[in-house]
Amino acid sequence: MKYFLCFIVFLILQSCAVFQPKRFTNEALDEKLVTITRDSITLKEIFQKNKGKQQLIQVFATYCPFSQRSFKDVIKFQKENPSFKYIFLSVDHSYFDWKRGLENIKVKGQHYYISKKGKGKLAKFLKLKTIPRFMIVDKKGEISLFKASSVSKKVNNKY
């Protein structure tokens, strides 16, 4: 009976485990994103460009008030962590809305537009339901933080 109860507790704890992948899937890495100059680039190419660096990734939308408020914390984080590479992925309604919205955003970094928004392979991999969304990719290219909704202690404790 004691072993049975231990087994049940183990199963319950396992079912509560949070999905925390260590690497992006090939499908997510191959999704086409759009640069500010309207060129096409894949997430894989972005990671190659930033290889060997810690990266903070924020998924946001320029029209979202929660995303807009989060930039204040991101700017503070950038000042405290200049060695990070900052990647901003937007899920705005259109490329033109995104470009117009970037004029009001003061964060520095690499900005890309996810043209498939929440319906592509990348969004599916991220299980993207809400924005803003923060992730940290370490120097080895592994995901050390998969999901955070703000630049909080959770982000600060992961690097």
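Biologist: Where is histidine 111 placed?

Modeller: Helices (H or I, at least four residues) and strands (E, at least two) are DSSP runs, numbered from the N terminus. Histidine 111 has its place in strand E5. The model is predicted, so local features need pLDDT of at least 70 and side-chain atom pairs count only at pLDDT 80 or more, while totals for chains, interfaces and linings use all residues. Residues are numbered from 1 along each chain as its sequence is written, and side-chain values use heavy atoms, with hydrogens and water left out.

Biologist: Is histidine 111 buried or exposed?

Modeller: Buried means under 20% relative accessible area, exposed over 50%, and partly exposed in between (1.4 Å probe, protein chains only). Histidine 111 counts as buried because its relative accessibility is 11%. By contrast, lysine 106, in the loop between helix H5 (95-102) and strand E5 (110-113), counts as exposed at 61%. Of the 159 residues of the protein, 45% count as buried.

Biologist: With which residues is histidine 111 in contact, leaving aside its neighbours within four places in sequence?

Modeller: Contact means heavy atoms within 4.5 Å. With those neighbours left aside, histidine 111 is in contact with Val34, Thr35, Ile36, Phe60, Phe88, Trp98 and Leu102. In the protein, 64% of contacts between residues at least 6 apart in sequence join residues at least 24 apart.

Biologist: How should I read a nonpolar core, and which residues of the largest one touch the most other members?

Modeller: In soluble globular proteins, nonpolar side chains tend to be buried together. A nonpolar core is a set of buried Ala, Val, Leu, Ile, Met, Phe, Trp, Tyr and Cys residues joined through side-chain atoms within 4.5 Å. The largest core has 27 residues, of which Phe24, Leu33, Leu43, Phe47, Leu89, Leu122 and Leu126 touch the most other members. Several elements each supply at least two residues of this core, including helix H3 (43-49), strand E4 (85-90) and helix H6 (121-126). H6 gives the most, with 4 residues. A second, separate core of 21 residues includes Val107, Tyr113, Ile136 and Leu145.

Biologist: How many aromatic pairs does the structure hold?

Modeller: Rings of Phe, Tyr and Trp (its six-membered ring) pair if their centres lie within 6.5 Å; planes under 30 degrees apart count as stacked, over 60 as edge-to-face and the rest as tilted. The structure holds 13 such pairs. In one of them, phenylalanine 24 and phenylalanine 125 have ring centres 5.1 Å apart and planes at 40 degrees, so the pair is tilted. This pair links distant parts of the chain, 101 residues apart. Phe24, Phe47, Phe125 and Phe146 form one aromatic cluster.

Biologist: Which ring does the charged end of arginine 38 sit over?

Modeller: A charge sits over a ring if NZ of Lys or CZ of Arg is within 6 Å of the ring centre and within 35 degrees of the ring normal. The charged end of arginine 38 sits over the ring of tyrosine 95, 4.6 Å from its centre. Likewise, arginine 133 lies over the face of phenylalanine 146, at 4.8 Å from the ring centre.

Biologist: Where does H4 bend?

Modeller: The bend at a residue is the angle between axes fitted to the seven residues ending there and the seven starting there. H4 bends by about 25 degrees at lysine 72. The buried residues of H4 are Ser67, Ser70, Phe71, Val74, Phe77 and Gln78.
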